[in-house]
Amino acid sequence: MKKKVLFICEHNSARSQIAEAFLKEIGGENFEVESAGITPGTLNPLAVEVMKEVGIDISHKKTQSVFDLYKQGKRYHYVITVCDEAKAGRCPIFPNTLKTIHWSFEDPSSFEGSYEEKLEKTRKVRDEIKKKIAGWVTNV
């Protein structure tokens, strides 16, 4: 049986999209995975670019609301919030979930500096997410 996983972050624009893409790649057919945001925004171009660098195209992805998924009656084995610690309190509790997990990653939308500096910080977040998912998949 596939394990159903939902990744949640603030806007569903970077971290949760990256996590969803990596779990699909690393976990393969063992997982059914989605991502959503508390206040969905638009896909972060930095996230699109850093994922393209590792051969994953997320440019076609749309952001969606966690509350819409809740209203649809969706159920998950795991809900993983990827908000940073400062925003973790805003991440909702999704009912009827086997386990809720929190992983703290910096929000690329908050990065300051030149485009290249923001891109480098987003690469770091991407790599942290990939490492976390790779370790989680082997232990779940």
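**View 1. Packing of helices α1 and α4.** In this predicted model, α1 and α4 pack at an angle of about 45°, and their axes lie 9 Å apart. Axes are lines fitted to C-alpha atoms, for helices over the stretch in contact, and angles run from 0 to 180 degrees between N-to-C directions. α1 is therefore oblique to α4; angles under 35 degrees count as roughly parallel, over 145 as roughly antiparallel, 65 to 115 as roughly perpendicular, and the rest as oblique. Helices (H or I, at least four residues) and strands (E, at least two) are DSSP runs, numbered from the N terminus. Residues are numbered from 1 along each chain as its sequence is written, local features need pLDDT of at least 70 and side-chain atom pairs count only at pLDDT 80 or more, while totals for chains, interfaces and linings use all residues. Side-chain values use heavy atoms, with hydrogens and water left out.

**View 2. Residues where α1 meets α4.** From α1, the residues in contact (heavy atoms within 4.5 Å) include Arg15, Phe22 and Ile26. Those of α4 include Val125, Ile133 and Trp136. By class, this contact has eleven nonpolar, one polar and four charged residues. Here Ala, Val, Leu, Ile, Met, Phe, Trp, Tyr, Cys and Pro count as nonpolar, Asp, Glu, Lys and Arg as charged, and the others, Gly among them, as polar.

**View 3. The largest nonpolar core.** This core has 29 residues. A nonpolar core is a set of buried Ala, Val, Leu, Ile, Met, Phe, Trp, Tyr and Cys residues joined through side-chain atoms within 4.5 Å. Buried means under 20% relative accessible area, exposed over 50%, and partly exposed in between (1.4 Å probe, protein chains only). Among the residues with the most contacts inside the core are Val5, Trp103 and Ile133. Elements giving two or more residues to it include β1 (3-9), β3 (78-81) and α4 (115-139). Another core, of eight residues, lies apart from it and includes Leu6 and Val79.

**View 4. Surroundings of isoleucine 133.** Leaving out residues up to four places away in sequence, Ile133 touches Phe7, Ala19, Phe22, Leu23, Ile26 and Trp103.

**View 5. Phenylalanine 105 and arginine 15.** Phe105 lies in the loop between β4 (99-102) and α4 and is buried, at 5% relative accessible area. Arg15, in helix α1, is buried at 3% relative accessibility. Not counting residues up to four places away in sequence, Phe105 touches Arg15, among others. With that exclusion, Arg15 also touches Cys9, Glu10 and Pro108, among others.
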